[in-house]
Structures are given as structure tokens and as C-alpha cells.
Amino acid sequence: GNRDIREIIYNSKQEEFETLRILMSLIMAKYVMFPHAASNHVPEDVEDASILEEMASNYNRIFSKILNSLSRNLDGEALQDIASKAVKTVSGNILEGVRFDESGCLDPKVLTANVADLHVEKRASALDVALSSLLSFLLFEAGKHLGPEEKSAIYRMAGERISIPTTP
């Protein structure tokens with residue numbers, strides 16, 4: 001639901017510690033998620049944050065174009081299903097807590113926070129691999145649902161995406 005942790009503890013019949021222990025177990029098992037928690041925290045020591053955010057913005061341009069094109073051919077539920085499956089298919093923690101917004105974009109600050117614990121030399125490449133995998137999934141879906149002209153325009157745009165250097 002939409003309860004915060006304090007409400008859950010207050011309404012629980014268990015003691016506070018036991019309630020927190022159970023919540024932590026559910027979080028670790030990914031039965032409970034905090035959808036906006038990562039967006040509020042971007043570590044200050046992410047030296048390459050501007051590079052990572054620029055990379056995310058470049059991918060977001062393509063994601064937005066694909067999802068907007070798909071929205072003209074699919075109903076809202078089918079489009080939401082594709083967007084959700086796309087994010088879930090990418091393995092690893094880089095897309096954890098990330099969702100497409102109304103414009104078809106991912107929050108660059110959440111993505112930056114998700115790679116912040118990696119070594120500085122690995123952040124950009126890890127983010128690129130995750131976003132590239134996500135792009136591949138969306139391109140596959142576009143190929144199934146779009147006409148030849150729209151597909152061609154999207155494939156061209158994806159092929160021309162700007163590479164971002166992997167070091168600050």
C-alpha cells in the first residue's frame with residue numbers, strides 16, 4: 001500500500017524491532033520496494049555524475065521516441081506492460097527503483113545513484129550496458145508493433161546515439 005514505515009510499526013501487533021526485522025526481510029526479498037527512495041539520494045562523491053546523467057539523457061531521447069511511437073499503436077495497459085517488462089528484464093541493480101515517467105524517460109539521478117558504489121572506471125560502462133540492454137528490448141518491441149517507416153526512424157536514431165566517454 002501507501003503506508004510509511006512509522007505507520008506500519010504503529011499498526012503492527014509485533015514489537016518495533018520485530019516489525020523492522022520483518023520489513024527488512026521483505027525488502028531484501030524484493031517483496032517491498034521504496035519506489036522514490038533512490039531519487040532523493042545521490043552521493044556527493046560521484047565525480048562523473050555529469051557524464052552519467054548525459055549518457056542517461058541520450059538514451060532517454062531514444063526511449064521517449066520509442067515509447068511515444070508505441071503509444072500511438074497500443075493501448076495504455078499494453079504500453080505500461082512493455083515498459084515494466086523492459087525494466088525487469090535487465091539483470092543487476094542498475095535499474096532498481098527506476099520506472100519510465102509519462103514522457104518515456106528514466107530518472108538520471110536514480111541511475112547515477114545506482115552505479116555510485118561501483119569503481120569510477122566501471123560506472124559509465126555498467127550504466128551503458130544496462131541502458132543498451134533496455135534499448136534492445138524496446139527496439140524488439142518496436143519491431144513487432146510499429147510500421148516500417150516508424151521502425152526505420154527509430155532504428156536510425158538508436159544507431160546514431162552519441163557515445164559518452166567512460167572516464168571523467
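Mentor: Let's start with a term: a helix here is a DSSP run of H or I with at least four residues, a strand is a run of E with at least two, and both are numbered from the N terminus. Ile-66, for instance, has its place in helix H3. By the way, this is a predicted model, where local features need pLDDT of at least 70, side-chain atom pairs count only at pLDDT 80 or more, and totals for chains, interfaces and linings use all residues. Residues are numbered from 1 along each chain as its sequence is written, and side-chain values use heavy atoms, with hydrogens and water left out.

Trainee: How many helices and strands are there in the chain?

Mentor: There are 7 helices and 0 strands. Along the sequence that reads α-α-α-α-α-α-α.

Trainee: Back to Ile-66, what makes it count as buried?

Mentor: Buried means under 20% relative accessible area, exposed means over 50%, and partly exposed is in between (1.4 Å probe, protein chains only). Ile-66 has 0% relative accessibility, so it counts as buried. Across the chain, buried residues make up 35% of the 168 residues.

Trainee: And why is Ile-8 called partly exposed?

Mentor: Ile-8, in helix H1 (residues 5–11), has a relative accessibility of 28%, so the label is partly exposed.

Trainee: What does Ile-66 touch, leaving aside its neighbours within four places in sequence?

Mentor: A contact means heavy atoms within 4.5 Å. On that basis Ile-66 is in contact with Leu-135, Leu-138, Leu-139, Ala-142 and Ile-154. Ile-8, not counting residues up to four places away, touches Arg-3, Thr-19 and Leu-23.

Trainee: Why are H3 and helix H7 called roughly antiparallel?

Mentor: Two packed helices are described by the angle between their axes and the distance between the axes. Axes are lines fitted to C-alpha atoms, for helices over the stretch in contact, and angles run from 0 to 180 degrees between N-to-C directions. H3 and H7 (residues 148–159) pack at about 170 degrees, with their axes 10 Å apart. That makes H3 roughly antiparallel to H7. The rule is that angles over 145 degrees count as roughly antiparallel, under 35 as roughly parallel, 65 to 115 as roughly perpendicular and the rest as oblique. Ile-66 is among the H3 residues that meet H7, where Ile-154 is one of the partners.

Trainee: What makes H3 and H5 oblique to each other?

Mentor: The axes of H3 (residues 49–71) and H5 (residues 108–115) come within 9 Å and cross at roughly 130 degrees. H3 and H5 are therefore oblique. In H3, Ala-49, Leu-52, Glu-53, Ala-56 and Asn-60 meet H5 residues including Thr-112.

Trainee: How do you know that Thr-112 is buried?

Mentor: Its relative accessible area is 0%, so Thr-112 falls in the buried class.
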